[in-house]
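Keep the viewer open and try each task before reading its solution.

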Amino acid sequence: MKVIASAPAKIILFGEHSVVYGKPAIAAAINLRTYVEAEPRNDGKIRIEAHDIKVPGLTVSFSENEIYFETDYGKAAEVLSYVREAINLVLEEADKNTGVQVSITSQIPVGAGLGSSAAVAVATIGAVSRLLGLELTKEEIAKLGHKTELLVQGASSGIDPTVSAIGGFLYYEKGKFEHLPFMELPIVVGYTGSSGSTKELVAMVRKRYEEMPELIIPILESMGKLVEKAREIIVSEIDHREKFERLGVLMNINHGLLDALGVSTKKLSELVYAARTAGALGAKITGAGGGGCMYALAPERQREVATAITIAGGTPMITEISREGLRIEEVIE
Ligand code: PMV
């Protein structure tokens, strides 16, 4: 038997970092996917193969603990640890000790703030649970994805695996989510080409929070209120143009607050300003920052904004929201 499952990348529209402190956030799945193929093994071993894992600028292949291309070993090993933990959690859940062979192909750049780790965890859990005959709902898979993140990276709000498993456009707060009305968002994602470590950035914000709570708490509170405002605008009856204009203003405020937390970089801010100058209604970091990606809201200006991002030294991606989260692509009996 063989099962192929896929799970999408995501962008956080509003509320990264503050979501770790129990504030709400808004995120959407996008149409870049990670594919995981799972097969049983007779020898009881767990074997993981990765093809096309997109670490900035290179492709890494590895099998079990052997890394074939040693460059950026850390990033490749990080992906491997999410897959390992995800498989172990499913085996525990199924109360089985079966050998499993997992093969991964991904369109999602690693460490770009697009949720590549969550997507690989969710697709692995989806494929392996189906292989073992375990019937899990998408919510249960999202929870196991969150557990995987907690085991690998320590702190995690759980927003990435939730969006990757469920798909669409979600409002997320403390492990619970609500579907927001689906709308096409004319966005452009800009990739700096370098990666930030979510674990380190979350720890850096935590350190500042502990050292200067009187300064950091109001920033996190503001972010939480901003997300509520964004939600009100999204669910309101006002026309799309007005919605986009108001959301653009909130994106710019959110970027400023993230910069105040210290998670922006020169390159991220350059891409953000380049996008705004080219006519985006708003632009901000998406994800943990420290490199990775920004995104811009650019109705009727996507091509111009993409060009501006390229000129500023970034890689633009014109993406669409993916309605579908985890998908079982194929089951071969
Ligand atoms: O994994 P990333 O880079 O998309 O960032 C996740 C968002 C954070 O709020 C920074 C962390 C979290 O667990 O929510």
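This is a predicted model: local features need pLDDT of at least 70, side-chain atom pairs count only at pLDDT 80 or more; totals for chains, interfaces and linings use all residues.

Residues are numbered from 1 along each chain as its sequence is written, and side-chain values use heavy atoms, with hydrogens and water left out.

**Exercise 1.** Find which residues come nearest to the ligand.

*Solution.* Start with the 15 residues around the ligand (a heavy atom within 4 Å). Among these, K10, H17, S157, D160 and A288 come nearest.

**Exercise 2.** List polar contacts to oxygen atoms of the ligand (pairs of N or O atoms within 3.5 Å).

*Solution.* Begin with K10: a polar side-chain atom lies 2.6 Å from a ligand oxygen. Next, D160 places a polar side-chain atom 3.0 Å from an oxygen of the ligand. Finally, A288 uses a backbone N or O atom, 3.0 Å from a ligand oxygen.

**Exercise 3.** Work out how the shell around the ligand is made up, by class and by domain.

*Solution.* First sort by class: six residues are nonpolar (Ala, Val, Leu, Ile, Met, Phe, Trp, Tyr, Cys and Pro), three are charged (Asp, Glu, Lys and Arg), and six are polar (the others, Gly among them). Then check the domains, whose bounds come from an automatic or database assignment: domain 1 (2-181) and domain 2 (187-319) each give at least three residues.

Technical notes:
A polar contact is a pair of N or O atoms within 3.5 Å; within protein, one must be able to donate a hydrogen and the other to accept it, and residues adjacent in sequence count only if both atoms are side-chain atoms.
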